[in-house]
Amino acid sequence: MEKRFLSILIALLLPALGALGADTPFRATGGASTLAQPEFLSVEDAYQLEARLEEQHILLDWQIAPGYYLYEDQFRIQTLGADEPGDLPHEVALGRVQRIYDPYYERELGVFYDRVLLRAALPGATASLRKLAVTSQGCADAGHPGNVEP
């Protein structure tokens, strides 16, 4: 709890002290009477996903905005509307996992910066495949937008 409080305190004070350089992807918001807080991109802008078919595989290609990342263990691909709906096994075809300490989860986790490409084999009866549900989870180096405390 003390580590989390200290991390939040540091995250809130750094922008106010001008510690973030001009090359940061986050803009500080708030007036002189309030602590500056980063302005986060929308999910669609931070994590741009392109899906394409290649033979019997679906390729899911995320372009990740600077200062944002996707968690290595939070990808899920599900078939919907198929004869046998369920999870599709997948592999990382492109992207390098980086280990970071995440103060929110209070442990070291694997994340992808910049780009990650997943490949999943499609079921044999691809004609009956109508939809895929793709789930991922990410965050920003500046913190979790839903967990910024005043």
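User: Which elements each supply at least two residues of the lining of the second largest pocket?
Analyst: Keep in mind that this is a predicted model. The elements are helix 2 (43-46), strand 3 (47-54), strand 5 (68-71) and strand 13 (138-140).

User: And which one gives the largest share of that lining?
Analyst: Strand 13 does, with three residues.

User: How much space lies in the second largest pocket?
Analyst: About 230 Å³. The pocket is lined by 16 residues, and the closest to its centre are Val 43, Ala 46, Tyr 47, Gly 138 and Cys 139.

User: What's the lining like by class?
Analyst: Twelve of the lining residues are nonpolar and four are polar, with no charged ones.

User: Switching topic: how many residues are in the largest nonpolar core?
Analyst: That core has 18 residues. Tyr 47, Trp 62, Ile 64, Tyr 68, Leu 70, Phe 75 and Val 116 have the most contacts inside it.

User: Which elements give two or more residues to this core?
Analyst: Strand 4 (57-64), strand 5 and strand 11 (115-121) do. The largest share, four residues, comes from strand 4.

User: What does Phe 75 touch?
Analyst: Leaving out residues up to four places away in sequence, Phe 75 touches Trp 62, Leu 70, His 90, Phe 112, Val 116, Leu 118, Thr 135 and Ser 136.

User: And what's in the second, separate core?
Analyst: That one has seven residues, including Tyr 69, Leu 109, Tyr 113 and Cys 139. Cys 139 also came up in the pocket, as one of the residues closest to its centre.

Key: Residues are numbered from 1 along each chain as its sequence is written. This is a predicted model: local features need pLDDT of at least 70, side-chain atom pairs count only at pLDDT 80 or more; totals for chains, interfaces and linings use all residues. Side-chain values use heavy atoms; hydrogens and water are left out. On a 1 Å grid over the protein atoms alone, a cavity is a set of points where a 1.4 Å probe fits but cannot get out, and a pocket is an open set with protein on both sides within 12 Å along at least five of seven lines; lining residues have an atom within 4 Å of a point. Grid points are joined across faces, edges and corners, and a volume is the space filled by probe spheres set on the points. Ala, Val, Leu, Ile, Met, Phe, Trp, Tyr, Cys and Pro count as nonpolar, Asp, Glu, Lys and Arg as charged, and the others, Gly among them, as polar. A nonpolar core is a set of buried Ala, Val, Leu, Ile, Met, Phe, Trp, Tyr and Cys residues joined through side-chain atoms within 4.5 Å. Buried means under 20% relative accessible area, exposed over 50%, partly exposed in between (1.4 Å probe, protein chains only). Contact means heavy atoms within 4.5 Å.
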